[in-house]
Amino acid sequence: MMSRLALFIVFFWFGALKFFDSSPASPLVLALLAKTLPFIAPVLFMKIFAVFEMLIGILFLFPKMTKVALGLLVVHLITTTAPLILLPKMIWTGWFIPTLEGQYIIKNVLLVAVAWGLYKE
């Protein structure tokens with residue numbers, strides 16, 4: 001249950017920060033949006049992305065929804081790891097030396113491991 005609660009807290013909290021335009025990750029998200037989907041209004045995208053993150057968090061609270069949450073998590077991770085390649089100046093200060101934003105992305109390895117562990121329960 002602690003793993004479920006931890007995933008809920010991280011996804012819901014970070015999503016809520018984006019929803020209320022208080023996330024320190026916003027510049028990174030908006031830079032990726034400008035590079036990949038420039039035709040989507042940034043304010044609209046941030047709201048949708050925020051709700052998406054909060055939904056993932058909520059779904060992880062319910063064991064029967066783990067498979068759905070994991071599927072959404074995969075989609076989320078594809079988008080959130082893209083800056084590692086698409087925005088190298090924001091992510092790396094040198095060879096395998098991540099910026100704070102890069103560390104923020106790389107920590108997702110832990111989220112995947114915890115989520116996978118729940119799926120295998």
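K18 is buried, its relative accessible area being 3%, where buried denotes under 20% relative accessible area, exposed over 50%, and partly exposed the range in between (1.4 Å probe, protein chains only). The structure is a predicted model, in which local features need pLDDT of at least 70 and side-chain atom pairs count only at pLDDT 80 or more, while totals for chains, interfaces and linings use all residues. Residues are numbered from 1 along each chain as its sequence is written, and side-chain values use heavy atoms, with hydrogens and water left out.

The side chain of K18 forms a salt bridge with that of E53, at 3.0 Å from N to O; the term requires a side-chain nitrogen of Lys or Arg within 4 Å of a carboxyl oxygen of Asp or Glu. Because K18 belongs to helix α1 (residues 2-19) and E53 to helix α3 (residues 42-60), the pair ties together parts that are 35 residues apart in sequence. Helices are DSSP runs (H or I, at least four residues), numbered from the N terminus. A search of the whole structure finds one salt bridge.

Relative accessible areas are as follows.

| Residue | Relative accessible area | Class |
|---|---|---|
| K18 | 3% | buried |
| E53 | 4% | buried |
| L5 | 34% | partly exposed |

Beyond its neighbours within four places in sequence, E53 is in contact with F11, F12, F14, G15, K18 and H76, contact being heavy atoms within 4.5 Å.

Conventions: Helix = DSSP H or I, 4+ residues; strand = E, 2+ residues; numbered from the N terminus.
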